[in-house]
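Have a look at the structure first, then run through the points below.

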Amino acid sequence: MMNGGQPGKFLAFGLGAGLIGGLSIALAYVGSPVTAQENKGLDSQVISGKEFHLVDQHGKARAVLALSEEGEPYLSMTDRNGIAVVWLGIAGDSGLAIRDADGKTRLVLTLNSAGQPSLVVRDRQHRTRSFQPE
């Protein structure tokens with residue numbers, strides 16, 4: 001069990017929320033075609049689509065918000081070298097994975113279908129530490 005686990009949980013939750021919020025704002029202002037519909041009785045808009053790509057100045061997709069082949073939503077963000085650094089999504093185990101500049105996974109935060117959370121941290125030598133609440 002990880003000592004002082006609360007700060008780690010808040011950090012992971014804050015990171016995920018910040019990533020989703022930032023991408024949502026960016027997607028709202030991207031000039032690519034989307035379908036906009038007015039909410040009945042409200043002044044705001046809903047943007048809908050099957051897949052959203054945030055592209056850089058060269059047209060290269062740097063973030064993707066889409067549905068997996070299983071129909072579950074995910075968010076993937078790549079660095080300028082094309083390495084998928086951050087992945088957040090729902091699968092058999094929902095979670096967040098963060099990779100380093102070499103594309104090696106360093107942090108994995110998951111919640112399995114039974115609701116059991118786990119945190120896996122790997123160093124540069126790929127030594128792994130796993131934390132699961134009792």
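Predicted model: local features only at pLDDT ≥ 70, side-chain atom pairs only at ≥ 80, totals over all residues.

Seven residues make up the largest nonpolar core here: Ala 63, Leu 75, Met 77, Val 86, Leu 88, Leu 96 and Ile 98.

**The core in context**
- In soluble globular proteins, nonpolar side chains tend to end up buried together.
- Leu 75 and Met 77 are among the members of this core, and strand β5, which covers residues 73–78, also holds Ser 76.

**A closer look at Ser 76**
- Is Ser 76 buried or exposed? Ser 76 counts as buried because its relative accessibility is 14%, and the cut-off for buried is under 20%.
- Setting aside neighbours within four places in sequence, Ser 76 touches Arg 62, Ala 63, Val 64, Ala 84, Val 86 and Trp 87.
- Two of those partners, Ala 63 and Val 86, are also on the list for the largest nonpolar core.

**The chain as a whole**
- You'll find 1 helix and 10 strands in the chain, and going along the sequence the order is α-β-β-β-β-β-β-β-β-β-β.
- The chain has 134 residues, and 23% of them count as buried.
- Take the contacts between residues at least 6 apart in sequence: 14% of them join residues at least 24 apart.

Notes. Residues numbered from 1 in each chain as written. Heavy atoms only, no water. Helix = DSSP H or I, 4+ residues; strand = E, 2+ residues; numbered from the N terminus. Buried < 20%, exposed > 50% of the residue type's maximum accessible area, 1.4 Å probe, protein only. Contact = heavy atoms within 4.5 Å. Core = buried A, V, L, I, M, F, W, Y, C linked by side-chain atoms within 4.5 Å.
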